[in-house]
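Biologist: I have a structure to show you, and I would like to go through it slowly with you, one question at a time.

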Amino acid sequence: MGLRVPPERILGSAEATASWLRHQVEKGWPEGKVIVNGQDGLRAALTAAGFELTSDPFEAAYAVSGANFKLTYDDLANVTLAIRNGARFIGTNSDRTYPTERGQVPGAGAILALFTAATEREPIVIGKPNAPMFEEAMRRLGVAPEETMMVGDRYETDIVGALKLGMLTVGVLTGVDTRATFEAQSAPPHLIVEGLPELLAHFQRADATQGVRAERSSP
């Protein structure tokens, strides 16, 4: 699409989860192997954070689950056994569906629900709408919640999590939720736009208005 974005400007739930888990170990959780239900990005993030991965459910200290588009029954069975054997159960994100050209398909949250049903254990979820991922992004940017705007297409994750932390929020209509869905919430986004070009136009108008005000106030 012609976008030029350096990797350090991109934060996915996999990297946020690996960073969060490393911080927990540094604060006192035991070092241990990780069994993963997920794709290469999650595995790479955990490895980069210093964790050893395992496929043996009986030697895993942590069970981390994300989206997995090549999911097999063995994957489900091994992670279930690890959790039931005492591994800490951690989810990358709670998105129940994932948007594709064919429509909404099962997302990471749907897989977490399966593990919860099979183990009677609830996961610690790092990604939106939970605070750890927002906090990691703000830490990298060096900003506070009141200085931050969250732009998202899904109310229950993007907008809810940001509102809880005191951020400004913008709902865009280019993904999951409709305008009616956003407007029906008890705490809707601060702004709803068709897409990013409309949001950019809002910024440009605000800049122009501030420029006029500055000219009028100058001696």
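Biologist: In which order do the four strands of the open sheet stand?
Modeller: This is a predicted model, in which local features need pLDDT of at least 70 and side-chain atom pairs count only at pLDDT 80 or more, whereas totals for chains, interfaces and linings use all residues. Residues are numbered from 1 along each chain as its sequence is written, and side-chain values use heavy atoms, with hydrogens and water left out. Strands (E, at least two residues) and helices (H or I, at least four) are DSSP runs numbered from the N terminus, and two strands pair if DSSP finds at least two bridges between them. The pairing in this open sheet is parallel, and the order of its four strands is E1-E2-E3-E6.

Biologist: Which strands stand at the edges, and why is one side of each left without a neighbour in the sheet?
Modeller: A strand at the edge has a single partner strand, so one side of it is left without a neighbour in the sheet. The strands in that position are E1 (33–37) and E6 (124–125).

Biologist: What angle does the direction of helix H2 make with that of E1?
Modeller: Helix H2 (residues 40–48) packs on the sheet and touches E1 and strand E2 (60–65), where contact means heavy atoms within 4.5 Å. Axes are lines fitted to C-alpha atoms, for helices over the stretch in contact, and angles run from 0 to 180 degrees between N-to-C directions. For H2 and E1 the angle is about 165 degrees.

Biologist: How many aromatic pairs are there?
Modeller: Rings of Phe, Tyr and Trp (its six-membered ring) pair if their centres lie within 6.5 Å, and planes under 30 degrees apart count as stacked, over 60 as edge-to-face and the rest as tilted. By this rule the number of aromatic pairs is four.

Biologist: How are the rings of Phe89 and Phe115 arranged, edge-to-face or stacked?
Modeller: Their centres are 6.1 Å apart, with 90 degrees between the planes. Phe89 lies in strand E3 (residues 88–91) and Phe115 in helix H4 (residues 108–119), 26 residues apart, and the pair links distant parts of the chain. The arrangement is edge-to-face.

Biologist: Is Phe115 buried or exposed?
Modeller: Buried means under 20% relative accessible area, exposed over 50%, and partly exposed in between, using a 1.4 Å probe and protein chains only. Because the relative accessibility of Phe115 is 0%, Phe115 counts as buried.
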